[in-house]
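Student: Hi, I've got a structure open and I'd like to talk it through. Can we start with a single residue and work outwards?
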There are 2 protein chains.
Amino acid sequence: MPGIALPFDADHLDQLMTDAGIDLVLATSKHNVQYLLGGYRFFFFAAMEAIGLSRYLSVVGYPRNRPASGFYVGNPMEGWQQKAEPLWTPTILNEAKTADAAAEVAAGRIRKLGLANGTIAVEMPFLPAEAYLKLEQLLPHSRLVDAVVLLEELRAVKRPGELQIIREASEGIVASMLATFGRARPGISTRELADILRSEETGRGLVFDYCLAATGSSFDRAPSNAEWVSGGTLSLDSGGTQRGYVGDLARMAVIGEPTSEMRQALAEVDAIQQAARSAVRSGQPGRQIYDAIHALWKNLTHPEQFEFEAHGIGLVSHEVPHLVDHGSWPYPGTHRDLALQAGMVLSIETTLRNPVLGFVKLEDTVVVTDAACDVYGDSARGWNVVGV
Amino acid sequence: MPGIALPFDADHLDQLMTDAGIDLVLATSKHNVQYLLGGYRFFFFAAMEAIGLSRYLSVVGYPRNRPASGFYVGNPMEGWQQKAEPLWTPTILNEAKTADAAAEVAAGRIRKLGLANGTIAVEMPFLPAEAYLKLEQLLPHSRLVDAVVLLEELRAVKRPGELQIIREASEGIVASMLATFGRARPGISTRELADILRSEETGRGLVFDYCLAATGSSFDRAPSNAEWVSGGTLSLDSGGTQRGYVGDLARMAVIGEPTSEMRQALAEVDAIQQAARSAVRSGQPGRQIYDAIHALWKNLTHPEQFEFEAHGIGLVSHEVPHLVDHGSWPYPGTHRDLALQAGMVLSIETTLRNPVLGFVKLEDTVVVTDAACDVYGDSARGWNVVGV
């Protein structure tokens, strides 16, 4: 489309919409609005959403094959940011203070585009009921269908700029964990550790999402008063976002030197992780990752204590490609037999639940490349030793 | 109700439900779930919500006059946290991985309670369409109405524990602003300032929501490359939450000594703020705050450059009591003529947009007490001077 530089693969989106019989996509989740706008997320409502008697809701409308008719519905305060970060949508309607109003403005636009009788894909999990009901009321002859799977497919292969952000997110989380280990002292609680990690991630420009932390022989990973004591293991597993993209990694630490049992346990976890990444190859089905690690299973000391998972990651933790072998909604295995493509990003995780050693886990960010794979934040994967 | 200690005023809720003809409240927003559970918020999804092909949704169900039949629907991972933070709801169903599943579990419970034909209040802005449609499908004879105003009324008067958290939030934001001024150097951008503030708030245990920052003569408050230069003014206005409760304050700074024009401008802004707080009194209508400041208006140097607002604040920024005199949905003036009550919390804000001095603003957190009012974070309200 001359004159409009789109930040996503419009041909791909048009094709997905044609295949699904969709006339217009109406994105309302933070992640898909950001994706369709090439990174834009209104800063005022980046974290919170409730205000007054409703909530912030922004909308991107994309009519099939008609980027020149693309539109954005935002809040009256967004003009400031849009001056510095211009949007590609030719129509910008910063007129909505509520979810209801956003739906009304969008419906008006859809009418003007002649699509009031069309099939409109909305994000059922991310469209508030008040906005859904308003669309139904104002567009009674439209058909509202779910856009989640379609938009996820569009996001499956990451562009170089996205990969760079995911690299920063992954490296930032590992660096934050190392800094957290460095600030820990015997007797520190997992709640304090989670607070330190949050602060370290924030200091590196990440938005902290969560910290799972288990210590001693417990498999309980909620931050709590549980103390990390001398000789005890610690598992940190944290998600945080860099400009919306999720980094999600897990690393291990111990106060004092690790025992030989600890070394062997983590070596076994690592062996599974290495086998998994060696099976990541563009053009090959994702199922091969599971085939590769299942071949190792019989050699494990306690196979029944291990758990393995590989899943796509990006603007959403657990997204396309969906590879789990025990998959069920909302984490299906729908992409197991499809070829991996360069630019897809996987989170690969192996967990050992050992009654003596506790919770031992590694989680890595593995990017499919033409050659094989690239691993982001690929350090500190052994026992990180904290002084007694 | 013997045996169940409820963290909210159940009599009040029962009365509100009776008045509105509601049989069951189904809360699904983060703020109302937390409120009805006395502070509980599942840590893993405290910040993010999207996962897999749907999103996290937790539900609190409260049938009128029947706390013993109250229920909670959560995610399978929540058991860890609930062990440490027991919920009052006699029924806990940690079974839902999606919004759709949460609605299904809730609908099953509602049937069991014999309320399938009842009037059910849901949060229309905070109930995803997929959950709404599931309720409609599984409870076709129920009547789904909006719970927002009712739950807001329930939250209007804060308990001492809530006030303590709001005090921490307010003081934390002011302390973070002072630290940010202290770390600033001439030429720093408003984006860098916002990043520092975010880090300072995080370090104080707050969850950063946003920073509005204007410098020089600009009224544009989006953090940007705009530089804060010697002799220039800076307005910081930030929202952040402490355990879910919003602190939202604004303070001023200047690099070098403020000019007499600056002093006069901020003194006028402060005079309005002081007049407003002196009109805050339990038992008197909130309208009196506006009456008090309007009496000052004629003495201002440039009255047309001033803007004033007082609004309730708590788990939601801009909540009950709604006092604005130019009010419209979602920020109505519905409580202007009702008596203020001890324990209500107001955010009071005065803005001056001066073409030379730029954006000059103070925003304070004012708590209605039996005697008059209490002000949280009530410091650093003059020109905070940063060295040249």
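Tutor: Buried means under 20% relative accessible area, exposed means over 50%, and partly exposed is in between, using a 1.4 Å probe and protein chains only. Keep in mind that this is a predicted model, where local features need pLDDT of at least 70, side-chain atom pairs count only at pLDDT 80 or more, and totals for chains, interfaces and linings use all residues. Residues are numbered from 1 along each chain as its sequence is written, chains are lettered from A and ligands numbered from 1 in the order in which they are written, and side-chain values use heavy atoms, with hydrogens and water left out.

Student: Ok, and is B:Phe43 buried or exposed?
Tutor: B:Phe43 is buried, with a relative accessible area of 16%.

Student: How many aromatic pairs are there over all chains?
Tutor: A search of the whole structure turns up 28. Rings of Phe, Tyr and Trp (its six-membered ring) pair if their centres lie within 6.5 Å; planes under 30 degrees apart are stacked, over 60 edge-to-face, and the rest tilted. Take B:Phe8 and B:Trp88: their ring centres are 6.0 Å apart and their planes are at 65 degrees, so this pair is edge-to-face.

Student: Where do those two sit in the chain?
Tutor: B:Phe8 is in the segment before helix H1 (10-20) of chain B, and B:Trp88 is in the loop between helix H3 (79-84) and strand E6 (91-94), so the pair links distant parts of the chain, 80 residues apart. Helices (H or I, at least four residues) and strands (E, at least two) are DSSP runs, numbered from the N terminus. Both B:Phe8 and B:Trp88 are buried. Your B:Phe42 and B:Phe43 form an edge-to-face pair as well, with 5.4 Å centre to centre and 75 degrees between the planes.

Student: New topic: which peptide bond is cis in chain B?
Tutor: One that is cis joins B:Val320 and B:Pro321, with omega about 0 degrees. B:Pro321 lies in strand E15 (residues 317-322) of chain B. In chain A, the bond from A:Val320 to A:Pro321 is cis, with omega near 0 degrees.

Student: What about B:His318, what's its phi?
Tutor: Phi of B:His318 is near 65 degrees, a positive value in a residue other than glycine. B:His318 is in strand E15 of chain B and is buried, with a relative accessible area of 15%. B:Arg243 has a positive phi too, near 45 degrees, but B:Arg243 is exposed, at 51%.

Student: Now the two chains. How many residues of chain A are in contact with chain B?
Tutor: 54 residues of chain A are in contact with 54 residues of chain B, where contact means heavy atoms within 4.5 Å. 100% of the interface residues of chain A are also interface residues in chain B, so the copies meet through the same surface.

Student: And how much area do they bury between them?
Tutor: About 4900 Å², with 67% of it on carbon and sulfur atoms. Buried area is the accessible area (1.4 Å probe) that two parts lose on being put together, summed over both. In chain A, A:Leu53, A:Trp80 and A:Arg198 lose the most area to chain B, together 15% of what that side buries.

Student: How many salt bridges are there between chain A and chain B?
Tutor: Two. A salt bridge is a side-chain nitrogen of Lys or Arg within 4 Å of a carboxyl oxygen of Asp or Glu. A:Lys83 forms one with B:Asp220, the closest N and O atoms being 3.5 Å apart.
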